[in-house]
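Have a look at the sequence and the model first.

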Amino acid sequence: MNALKSDTNIGFFILLVSILFFAGSFSIKQSTFSAPMATATFFPRVVSILLAISSINLIIKDYLKKKKSKGRVQSKKMNGSSEKYVQYMIGATAIYILLIPIIGYLISTIIYMISSCLFLGAAFIKKRWVTILIAISISVFSYLLFTKILIVLLPSGVFI
C-alpha cells in the first residue's frame, strides 16, 4: 500500500495540522467587545479539537480494519469520475480562496456553495432552486454569526 494513501498516515497528518491550528489560535488578538465564550479564538479552537478527535477516530478505525483483515491485501483505486470530482473541488476551492478578497466573503461563499452542490449533484435535493436557497441561507447565517455574534471581521471586497 502506498504510504500516502494509508488512513493511518492521513490521520496522523490531520492530527498534526489540528495541533498546529490549535497552537496558532493563541496568536489571534482578542477583542475587548466580545463576550467571554464568543471570542475570536473560540471557533478555531473548537474546530481544531473536533479535527483532532476525527483524526484519532480515523487512526483507530484504520488500525482495527488492518487487524481484522489479517494480512489480506486490499486495493482501493479511484475511478475516473471520482478523480474528476476531487480535481474540481480542489480547483473550485482555490478559486474561492482567490475570490474572497476581491468580491467578499458572502458573495464568493454563495457562488462556491451553489457551484459545488450543483457539480456534485446534491442527490438529496431534487430541485435546483432549493440548492440555491440552502446555499444562500447557510452563507448569510455564517456571515451574520461571524460578524454580529462572534464579532470577527470577514474579508470584504467589492460586494459584501
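## The core

The largest nonpolar core in this predicted model brings together 10 residues: A92, Y96, I100, Y105, L106, I110, Y112, M113, I114 and A135. In soluble globular proteins, nonpolar side chains tend to be buried together.

## S108

Where does S108 sit? S108 is in helix α4, and at 2% relative accessibility it counts as buried. Setting aside neighbours within four places in sequence, S108 is in contact (heavy atoms within 4.5 Å) with Y96, L99, I100 and I103. Y96 and I100 are also on the list of core residues.

## Helix α1

Helix α1 covers residues 7-24, which is 18 residues, and spans 25 Å from first C-alpha to last. That's close to the 26 Å expected at 1.5 Å a residue (the expected span is 1.5 Å times one less than the number of residues).

Which residues of α1 are buried? They're T8, G11, L15 and S18. Viewed down the axis of α1, the buried residues fall within an arc of 80°, so they line one face of the helix (the arc is that of the directions from the helix axis to the C-beta atoms). An α-helix has 3.6 residues a turn, so residues three or four places apart point the same way. Helix α2 (42-69) is part of what covers the buried residues of α1, while F13 and L20 are exposed on the face turned away from the buried side.

## The whole chain

The chain has 5 helices and 0 strands, running α-α-α-α-α from the N terminus. (Helices, H or I with at least four residues, and strands, E with at least two, are DSSP runs numbered from the N terminus.) Of the 160 residues, 24% are buried. Among contacts with a separation of 6 or more, 63% link residues 24 or more positions apart. The accessible surface is about 11700 Å², 73% of it from carbon and sulfur atoms (Shrake-Rupley method, 1.4 Å probe; for residues, only the protein chains shown count as cover).

## Ground rules

Residues are numbered from 1 along each chain as its sequence is written, and side-chain values use heavy atoms, with hydrogens and water left out. As the model is a prediction, local features need pLDDT of at least 70 and side-chain atom pairs count only at pLDDT 80 or more, while totals for chains, interfaces and linings use all residues.

Note on methods
Core = buried A, V, L, I, M, F, W, Y, C linked by side-chain atoms within 4.5 Å. Buried < 20%, exposed > 50% of the residue type's maximum accessible area, 1.4 Å probe, protein only.
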